[in-house]
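Me: I have a model open and want to learn how to read it. Can we go feature by feature?

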Amino acid sequence: ADALEWGSLLDLDEPQLVLRSGQLLVPRLARVSEPAEPARLDPDGIVLVTDGTGPVGALVARHLAGARGVRRLLLASRPGPAAGGADELVADLAAAGCEATVVACDVADREQLAALLGALPHPLTGVAHAAGGADDALVGSLTAEQLDAALRSTVDAAWHLHELTGEAEPAAFVLFSSAAGLIGSPGQGAAAA
């Protein structure tokens, strides 16, 4: 790092640089190869999908039931069965041979989540965490409360899931997050965090 010509960095056409252990690094998006074989989900178990009645959660639930052959889903969301489209989603999943249960649970609330996981009627096979907040704001106008809400529903909830499902050793533990705040979608400042 001592031999680095700091002034020469200004000539680089790079918006971001980082120096770690004497090595200059630049961020790049790259395609990640998929594992040779996806995790096998025990058909006798249950898969938890957070925000399971939301747009991403419902898409994941349909994929799990259709392409992955999951027979039991627990779809947790704050509104639970009162969520718009919940009945239709459960019917679609049933037509695919999957028993889906919709429950009201704020997965960012550790006590609520612990109670939910403690009452599972079948072993936990997998987790798909799709919960997130939708309080749109630009980074410059983002309030501490908006950032806290976004991190609570995504990061705090993910940490609670990690801690509370560790002993169950689910075959799949999938976290969804929005890249919208990183690639320029307006109003998604909290997603960048």
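Me: What should I keep in mind about the source?

Reply: This is a predicted model: local features need pLDDT of at least 70, side-chain atom pairs count only at pLDDT 80 or more, and totals for chains, interfaces and linings use all residues. Residues are numbered from 1 along each chain as its sequence is written, and side-chain values use heavy atoms, with hydrogens and water left out.

Me: In what order do the strands of the open sheet run?

Reply: Two strands pair if DSSP finds at least two bridges between them. In this model, 5 strands form an open sheet, ordered β5-β4-β3-β6-β7, with parallel pairing. β5 (99-104) and β7 (172-175) are the edge strands; each has a single partner, so one side of each lacks a neighbour in the sheet. On average, neighbouring strands of this sheet are turned by 15° against each other, direction ignored.

Me: How many bridges join β4 and β5?

Reply: They pair in the parallel sense over 6 bridges. L74 stands opposite T101 in β5.

Me: Is T125 buried or exposed?

Reply: T125 is in strand β6. T125 counts as buried, because its relative accessibility is 6%. Its contacts, not counting residues up to four places away in sequence, include D42, I46, P170 and A172. A polar atom of the T125 side chain lies 3.5 Å from the backbone oxygen of D42.

Me: Where does A67 lie?

Reply: A67 is in the loop between α1 (55-66) and β4 (72-77). A67 is exposed because its relative accessible area is 57%.

Me: How many disulfides does the structure hold?

Reply: A disulfide is a covalent bond between the sulfur atoms of two cysteines. The cut-off is a pair of cysteine sulfur atoms within 2.5 Å. This structure holds 0 disulfides. C98 is buried at 3% relative accessible area, and C105 is buried at 4%.

Methods
Helices (H or I, at least four residues) and strands (E, at least two) are DSSP runs, numbered from the N terminus. Buried means under 20% relative accessible area, exposed over 50%, partly exposed in between (1.4 Å probe, protein chains only). Axes are lines fitted to C-alpha atoms, for helices over the stretch in contact, and angles run from 0 to 180 degrees between N-to-C directions. A polar contact is a pair of N or O atoms within 3.5 Å; within protein, one must be able to donate a hydrogen and the other to accept it, and residues adjacent in sequence count only if both atoms are side-chain atoms. Contact means heavy atoms within 4.5 Å.
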